[in-house]
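The following account leads through a structure step by step, from the parts of one chain to the way in which two chains meet. Please keep the sequence and the model in view while reading.

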Protein chains: 2
Amino acid sequence: MNSLWIRNVRPMAGAPLDVLVQGGRIAALGPSLQVPPDCAIEEGGGALLLPGLVEGHTHLDKTLWGMDWYRNEVGTRLSDKIDNERAFRHASGHDAAGQSLALAQAFLALGTTRLRTHVDIDTQAGLRHLDGVVCTREAMERLGQQIQIVAFPQSGLLIRPGTAELLDQAMKAGANVLGGLDPCAIDGDPVRSLDVLFGLAERHGCPLDIHLHEPGAMGAFSLDLILDRTQALGMQNKVAISHGFCLGDLAPAERDPLLARMAALGVVLVTTGSASRNVPPLMVCRHAGVTVLGGNDGIRDTWSPYGNPDMLERAMLIGLRYNLRRDDELDVALDCVTHAGARGCGFESYGLVPGDRADLVLVDAQTVAQAIVARPVRKLVVAGGQVVARDGMLN
Amino acid sequence: MNSLWIRNVRPMAGAPLDVLVQGGRIAALGPSLQVPPDCAIEEGGGALLLPGLVEGHTHLDKTLWGMDWYRNEVGTRLSDKIDNERAFRHASGHDAAGQSLALAQAFLALGTTRLRTHVDIDTQAGLRHLDGVVCTREAMERLGQQIQIVAFPQSGLLIRPGTAELLDQAMKAGANVLGGLDPCAIDGDPVRSLDVLFGLAERHGCPLDIHLHEPGAMGAFSLDLILDRTQALGMQNKVAISHGFCLGDLAPAERDPLLARMAALGVVLVTTGSASRNVPPLMVCRHAGVTVLGGNDGIRDTWSPYGNPDMLERAMLIGLRYNLRRDDELDVALDCVTHAGARGCGFESYGLVPGDRADLVLVDAQTVAQAIVARPVRKLVVAGGQVVARDGMLN
């Protein structure tokens, strides 16, 4: 792998310097580097340098990205959306391989070099969607994008007998993380549901990512059960709670002990910054020591027409949701889609210091805050040490 | 003024047809028009045709759009933001004329052909900002963009003696609408504050647009006082409430009688769809008969770094805030920045039927919902019958 010398960039809006990339990693940063011979050169032109962006929660497998417009006439209940989607995907033969690849490429073109995607596993589709996304993961790995696949029981675990067995097969077939879903509201038997789920995780020695939409006291109850099992099984630093809306509903007296337990157990929280629901309080969670990472959730699918693979736009939406206006507050919004994202998903060698994997994004912006609110074109994207995109387009 | 024939467009995603523009107005729409000689021709290529977009609430005069990045270190209280801004504008000599023109042009390039802007009137700046925006209004009128100017006592009315006299002068100097601000929380004397404000409105025979940030019961109290005066002075269909956050706080039993009175008096509501505050319930307000229009509020100013002059993005943010997912729900989000916007501000001859002013926007989108979530480049913008922008750039 050739060396790459990127001239005149401002890491996180700091002083201008050059970056030397060798062997896929950041070899050096500084104002007056020794440049090796035969080194490819990129002129940064004073651009803002960000580490590769991190998508902490999306659903590559179910997107309709680039397809004909899907007219959404879906009901309002969670079960309406779940049933509608499973039926649509079955009837339409929706192609998880091609669709996930198209969206992963669009993510990369916009600077996302690490990505966690959930993939539906259910008794109607079996492992079909997983197989497609595994192909996408391999294809994108060659472009330097790292994808984690969560085997996700979108239609429920206990309520659709046979799902646990499919999740077990999914982990053997290449999923990286085991997913869970509302043990009360969907599965209807929280203790048994979580026992089955944690049993599978223990058997596979894999991390967990549990979608917890349950509100208020119900969500707090489920979260407590999750934390109990995390502790009992020694799964510290291996469990993520996605959404966790209940933490936005609870009074501090009920919320804060849960946050303290999450922090102590290294349980992280994934948020989209939903504008239409109570959300966990970002700054309170961070102050309590809980890592909060950002994600889009589904992008243009049968659930919702919104979304796109721009993690700077997600940072903006998180900023708007949490009323982050000061520049120092917007640094937190960026953290959700960079360092906290990588830490929360367990992506390694992440950052902008020598030795880190060379995942780099250049944008014309004076400050981090400006990059978030203006979401400028990605001038250059480097993934795993290679230039993969210019001006928003993959090479 | 020459005739213009726009071929093959789909008004509001309907069947393809042609549009004939004559004398600045829509002369005809149909599948097989008689085209007059010497008619300029634009090929629509099957694009979605929208009426010119409407910005119902912005602050052209205070934007930092296009300037060096302003580092926001402002405190969290409303008064912090007000005092910081007034001091900054005074010390920096911020140029309301040049800045408002730059932002108004950017609005037009993105398809906004009608726009209501608030302009700060205070005892430190006097009418300086107004004078600048009046120049912008004249310049943009020549490009076919209609601007309404609200003389807005941003720093308070009673609490800064001399402001009422300045508002009086502002109305004589060309403002179209009189603005108000939190009669309890800022002015501290709601009855006298509103009496002075409505007295000025009566003298000038002008509409009112009152920024009501006050929460809960306090906001409901102020709103009641406003509705009393609207009724007593016969100002039906002439009063707008901007923000009206209190309507998002109140229980239905307190809220619904206020909405019924607003509907009966033709008092409209302007929302940004704020993601970080309780907001008036959009669908409930509409079902009660209250016109709800959309606005950006400030765009990249000392209050907030967010925002841009794309009303399709504002429609998206309103859609996200109110969880509008179905295509028929997204039609409502568009309505907030089109027909409801025009109706709420009192812009006349608005729409897509023969006789309406020819304010037209073409985008490549299959549906209205797609136009909102994807915010495609504006292929063509026609304002007052003239082509003013192509592919997002002014001619």
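In this predicted model, the domain assignment divides chain A into domain 1, which covers residues 4-51 + 352-394, and domain 2, which covers residues 53-345. The contact between them draws on 24 residues of domain 1 of chain A and 23 residues of domain 2 of chain A. Between the C-alpha centres of domain 1 and domain 2 of chain A the distance is 29 Å.

For domain 1 and domain 2 of chain A, the buried area is about 2,000 Å², and carbon and sulfur atoms give 67% of it.

Polar and charged groups also take part in the contact. Three salt bridges are counted between domain 1 and domain 2 of chain A. The side chains of A:Arg375 and A:Glu313 form a salt bridge with an N to O distance of 3.0 Å. Between the two domains of chain A there are also seven residue pairs in polar contact, with both residues at pLDDT 80 or more. On the side of domain 1 of chain A that touches domain 2, the elements that give two or more residues are strand E4 (40-51), helix H13 (368-374), strand E14 (378-383), strand E15 (386-390) and strand E16 (393-394) of chain A. The largest share of that side, five residues, is supplied by H13(A). Sorted by class, the side of domain 1 of chain A that touches domain 2 holds 17 nonpolar, three polar and four charged residues.

The next level is the pairing of the two chains. Chain A and chain B each bring 37 residues to their contact. Together they bury about 3,200 Å², with 54% of this area on carbon and sulfur atoms. Which residues of chain A lose the most area to chain B? They are A:Trp69, A:Tyr306 and A:Arg325, which together account for 25% of what the chain A side buries.

Four salt bridges are found across the interface of chain A and chain B. The side chains of A:Arg375 and B:Glu313 meet in a salt bridge at 2.9 Å, N to O. Helix H10 (311-321), helix H11 (327-336) and H13 of chain A each give at least two residues to the side of chain A that touches chain B. H10(A) provides the largest share of this side, six residues. By class, the side of chain A that touches chain B consists of 16 nonpolar, nine polar and 12 charged residues.

How are the two chains arranged relative to each other? Chain A is superposed on chain B by a rotation of 180 degrees with 0.0 Å of shift along its axis, at an RMSD of 0.0 Å. The two copies are therefore related as by a two-fold rotation axis. In chain A, the C-alpha nearest this axis belongs to A:Ala275, at 2.4 Å from it. Of the interface residues of chain A, 100% are also interface residues in chain B, so the copies meet through the same surface.

Finally, salt bridges may be considered over the whole structure. A search over all chains finds 54 of them. The side chains of A:Arg89 and A:Asp61 meet in a salt bridge at 3.1 Å, N to O. This pair links distant parts of the chain, 28 residues apart: A:Arg89 lies in helix H1 (residues 78-92) of chain A, and A:Asp61 lies in the loop between strand E5 (53-58) and H1 of chain A.

Methods:
Residues numbered from 1 in each chain as written. Chains lettered and ligands numbered in written order. Predicted model: local features only at pLDDT ≥ 70, side-chain atom pairs only at ≥ 80, totals over all residues. Heavy atoms only, no water. Domains from an automatic or database assignment. Contact = heavy atoms within 4.5 Å. Buried area = accessible area lost by both parts, 1.4 Å probe. Polar contact = N/O pair within 3.5 Å; in protein donor to acceptor, adjacent residues only side chain to side chain. Helix = DSSP H or I, 4+ residues; strand = E, 2+ residues; numbered from the N terminus. Nonpolar A, V, L, I, M, F, W, Y, C, P; charged D, E, K, R; others polar. Least-squares fit on C-alpha atoms with pLDDT ≥ 70 in both.
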